[in-house]
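Subject: Structure handover and notes

Hello,

The structure is pasted below, together with its sequence. Please look it over before reading my notes.

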Amino acid sequence: MILYSVSAFSPAFATCNQASLTWGWVAWEPFIYQSRQGAMQGIDYEIVSQVFQQTGCLFSVTDKEIPWRRQLAWLEAGEIDVMTGASKTAEREQYALFSLPYRTESVTLFIRKADQESFAIKQLSDLTQSKLHRLGYYKGTYYGEEFSLLQQKPEFQALLQSDIEINNFTRLLNNRIDAVLADEIVGQLLIEQLKQQDNIVPLKGFSIKTGGIHVMFSKKTTSEAFITQFNQALTKFKASSEYQRILQRYLKGE
C-alpha cells in the first residue's frame, strides 16, 4: 500500500508521540499531486511534510490516489491516519482530530464567458431564483455553511450535479451544466490546463470564504498529545520564511 516512507528527526522534538502515519491523498493541483517523475509535491504536501519533519515523526504516503469520500471513510475506520486540505465540520469532528489551520480557502462560481451578463448572483441562495439550472460540484467537498444548509432544500438539490472537478469544467464547456462551484485556485489552474481562459471565467463579485484548511487525523490511530506536538511545530513553521517561499512558489509561479 505504501510508496513513500519518510523518516524525520529534529532536535526540537527528541521523541515522537506517534507511531508511523499513513497519509491518504488524491491529486488536487497545486495542493497535492505527483510530478511526472512520480515525486510528491504541492503546497499542502510541502507544508505538512515539513511539519512532520519538525516533529521527528515517520509518515508514509499511499502508493495510489484515494478518492476524497473514500479517504473520509478510511480515516474514520482508522485505515489511514492523515488527510490534508480539510475543512473542519461537526460531522468530521465525530471521527477526526484537526490541526490548527495551515492555509485558508475560497471557492467561487465558474461560468462560460458568454454567460457573464446572464447571472446576477451575489450569494448561493440566489441560484434558485436565477437562470442557472445545473450546478456542477464535487460531492463530499465542503463549500461553506450556506451551501450545507441549502443542500437540505429540494429546490437547491435539484440544481446539483456531482462529478470530479476536471469533468465538471469539461461539462461546462459542452453546455451540459451552467456553472461549476470550485476552489478559486484549483479552478483557475484547471482552466489554464484546458486552455480555456477565453471561454471560462469566475463569476464577478462572487466568492465564498470557507475558512481555515486543516490536517485531519483519525481519532482511532492518533492522540490529542500528538496533535499538540504537531500544532507546536506548525505554528513555528508558519512563522518561517520557508513557509512563505512555498506559498509564493506555487501561487505566483516562482
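This is a predicted model: local features need pLDDT of at least 70, side-chain atom pairs count only at pLDDT 80 or more; totals for chains, interfaces and linings use all residues.

Residues are numbered from 1 along each chain as its sequence is written, and side-chain values use heavy atoms, with hydrogens and water left out.

Backbone

Most residues other than glycine have a negative phi, and most peptide bonds are trans. Pro30 lies in the loop between strand S2 (21–23) and strand S3 (33–34); helices (H or I, at least four residues) and strands (E, at least two) are DSSP runs, numbered from the N terminus.

Asn175 is partly exposed, at a relative accessible area of 46%. Lys195 is exposed, with a relative accessible area of 67%. Here buried means under 20% relative accessible area, exposed over 50%, and partly exposed in between (1.4 Å probe, protein chains only).

Helices H6 and H7

The axes of H6 and H7 come within 10 Å and cross at roughly 60 degrees. That makes H6 oblique to H7 (under 35 degrees counts as roughly parallel, over 145 as roughly antiparallel, 65 to 115 as roughly perpendicular, the rest as oblique). Axes are lines fitted to C-alpha atoms, for helices over the stretch in contact, with angles from 0 to 180 degrees between N-to-C directions. The contact (heavy atoms within 4.5 Å) involves Glu165, Ile166 and Phe169 of H6, and Val186, Gly187, Leu190 and Ile191 of H7.

Strand S11

S11 is largely enclosed by the rest of the structure, because five of its five residues are buried. Strand S8 (residues 103–112) pairs with S11 in the antiparallel sense over four bridges; two strands pair if DSSP finds at least two bridges between them. Leu109 stands opposite Leu181 in S11. Strand S9 (residues 135–137) runs parallel to S11 and is joined to it by two bridges. Gly136 has Val180 of S11 as its bridge partner.

Regards
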